[in-house]
Amino acid sequence: GRGHMGGNGWMMMPMMSTAEEDFLSRLNDSLWQVGLIAAGAALLVGLLLTRQITRPVRALISGARHIARGELDYRVKVNSRDEMGELAQSFNAMASDLEREEESRRQLTADIAHELRNPLAIQRAHLEALQDGVFPLNRENLDLVVEQNQQLTRLVDDLRTLALADAGE
């Protein structure tokens, strides 16, 4: 039976045999062992999954630091085809675009320097010729130098406008 209520209100439990107590004790111990093993396995799997997820994130953080330092040729390794792999591929594409833009900027600067060198050399030659008396110091020759100077000024103003546009102003 289930026991009965005594006169004092306490529930009276039936007495268990020693075999039943031993069985329940062993069952309880087994449940604790299985629970601890399951918790340990879950912790181990969780750590492995966390490491699997954080490794590519750490690689991307490292890549961002390299790019920020100006190492535009840095690329992260793509090891998967999931969202993290797609993010790594996007990061590498961004780095490639930045590298190409920087190379274009360097080339443009070199081209501009070359293009400015010619008119400046011509202007300097005219001024030296005027200074040395090779060309007569007259209005026509001075107008030619002033015109060259105005062209250079317009070119430099255009370059300044491009630089401001590039900076978003």
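**Entry 1, ground rules.** I am working from a predicted model, in which local features need pLDDT of at least 70 and side-chain atom pairs count only at pLDDT 80 or more, while totals for chains, interfaces and linings use all residues. Residues are numbered from 1 along each chain as its sequence is written, and side-chain values use heavy atoms, with hydrogens and water left out.

I looked up the secondary structure and found three helices and zero strands, in the order α-α-α along the sequence; helices here are DSSP runs of H or I with at least four residues, strands are runs of E with at least two, and both are numbered from the N terminus. Of the 169 residues, 12% are buried, where buried means under 20% relative accessible area with a 1.4 Å probe, counting protein chains only. I noted an accessible surface of about 14,100 Å² for the chain, 59% of it belonging to carbon and sulfur atoms, by the Shrake-Rupley method with a 1.4 Å probe.

Helix α1 (residues 18-68) packs with α2 at an angle of about 10°, their axes being 10 Å apart; axes are lines fitted to C-alpha atoms over the stretch in contact, and angles run from 0 to 180 degrees between N-to-C directions. The two helices are therefore roughly parallel, a label for angles under 35 degrees. On the α1 side the contact (heavy atoms within 4.5 Å) includes Pro56, Val57 and Leu60, and on the α2 side Met84, Leu87 and Phe91 are among the residues. By class I have 11 nonpolar, one polar and no charged residues, with Ala, Val, Leu, Ile, Met, Phe, Trp, Tyr, Cys and Pro taken as nonpolar, Asp, Glu, Lys and Arg as charged, and the others, Gly among them, as polar.

I then looked up Gln148, which lies in helix α3 and counts as buried at 11% relative accessibility. Leaving aside residues up to four places away in sequence, Gln148 touches Ile122, Gln123 and His126.

Key:
Buried < 20%, exposed > 50% of the residue type's maximum accessible area, 1.4 Å probe, protein only. Parallel < 35°, antiparallel > 145°, perpendicular 65-115°, else oblique.
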